[in-house]
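Here is a predicted model to read closely. The questions ask what lies behind each label.

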Amino acid sequence: MKNFILTFALVVPIYAQATLPKVYVANTGDASISLVDLEAKKELSRIKVGNKPYGIALSLDEKLLAVGVEGEETVKIYSTSTQELVSSVKIGPM
């Protein structure tokens with residue numbers, strides 16, 4: 001796994017399991033978000049999102065991932081199952 005700068009991590013709840021959770025991590029160095037399995041200490045996937053990702057939010061049903069992208073002054077919404085961009089909203093300077 002490449003080195004990355006941790007700016008924000010969101011724990012994905014794993015109910016009724018005694019394992020460490022998975023987290024989404026903003027990689028400001030390469031403009032991406034990684035899904036990391038903490039127990040396996042392994043990156044599971046990486047999504048290129050744009051310059052300066054800084055905030056991450058996961059929908060309650062864990063189907064959508066919102067990412068603030070400071071360099072583009074947008075919030076982008078991704079499908080967690082396909083990792084494809086679903087929507088983007090221009091919000092201005094952050």
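Q: Why is E62 called partly exposed?
A: The relative accessibility of E62 is 28%. Buried means under 20%, exposed means over 50%, and partly exposed is in between. The value for E62 falls in between, so E62 counts as partly exposed.

Q: Where is E62, and what marks its backbone?
A: E62 sits in the loop between β5 and β6. Its phi is positive, about 65°, although E62 is not a glycine. Most residues other than glycine have a negative phi. The strands β5 and β6 form a hairpin with 5 residues between them, and E62 takes its positive phi in that hairpin.

Q: Why is Q83 called partly exposed?
A: Q83 has a relative accessible area of 29%. The class runs between the 20% and 50% cut-offs. The value for Q83 lies in that range, so Q83 is partly exposed. Q83 belongs to the loop between β7 and β8. Q83 also has a positive phi, about 60°, and is not a glycine.

Q: Which residue in the turn between β6 and β7 has a positive phi?
A: E73 does, with a phi of about 55°. The hairpin of β6 and β7 has 4 residues between the strands.

Q: How do you know that β6 and β7 pair?
A: Two strands pair if DSSP finds at least two bridges between them. β6 (residues 64-69) and β7 (residues 74-79) have 6 bridges, so they count as paired. Their sense is antiparallel. Among the facing residues, V69 stands opposite T74 in β7, and A66 stands opposite I77 in β7.

Q: What makes β5 and β6 a pair?
A: They are joined by 5 bridges and run antiparallel. The definition asks for at least two, so β5 and β6 pair. One of the bridges links P53 to V69 in β6.

Q: In what order do the strands of the open sheet stand?
A: The order is β5-β6-β7-β8, with 4 strands and antiparallel pairing.

Q: Why are β5 and β8 called edge strands?
A: β5 (53-58) and β8 (85-90) each have a single partner strand, so one side of each has no neighbour in the sheet. On average, neighbouring strands of this sheet are turned by 20° against each other, direction ignored.

Q: Why is β6 described as largely enclosed?
A: Of the 6 residues of β6, 5 are buried, so the rest of the structure largely encloses this strand.

Q: What makes S79 buried?
A: S79 has 13% relative accessibility. Buried means under 20%, so S79 counts as buried. S79 is part of strand β7.

Q: How do you know that S79 and S81 make a polar contact?
A: Their side chains are joined at 3.1 Å. A polar contact needs N or O atoms within 3.5 Å. The distance between S79 and S81 meets that limit.

Q: Which residues make the nonpolar surface patch?
A: Y54, V89, I91 and M94 make it, over about 340 Å².

Technical notes. Residues are numbered from 1 along each chain as its sequence is written. This is a predicted model: local features need pLDDT of at least 70, side-chain atom pairs count only at pLDDT 80 or more; totals for chains, interfaces and linings use all residues. Side-chain values use heavy atoms; hydrogens and water are left out. Axes are lines fitted to C-alpha atoms, for helices over the stretch in contact, and angles run from 0 to 180 degrees between N-to-C directions. Patches are made of residues with over 30% relative accessible area and no salt bridge: like charges are joined within 9 Å, nonpolar side chains (Val, Leu, Ile, Met, Phe, Trp, Tyr) within 5 Å. Accessible areas come from the Shrake-Rupley method with a 1.4 Å probe; for residues, only the protein chains shown count as cover. A salt bridge is a side-chain nitrogen of Lys or Arg within 4 Å of a carboxyl oxygen of Asp or Glu. Buried means under 20% relative accessible area, exposed over 50%, partly exposed in between (1.4 Å probe, protein chains only). A polar contact is a pair of N or O atoms within 3.5 Å; within protein, one must be able to donate a hydrogen and the other to accept it, and residues adjacent in sequence count only if both atoms are side-chain atoms.
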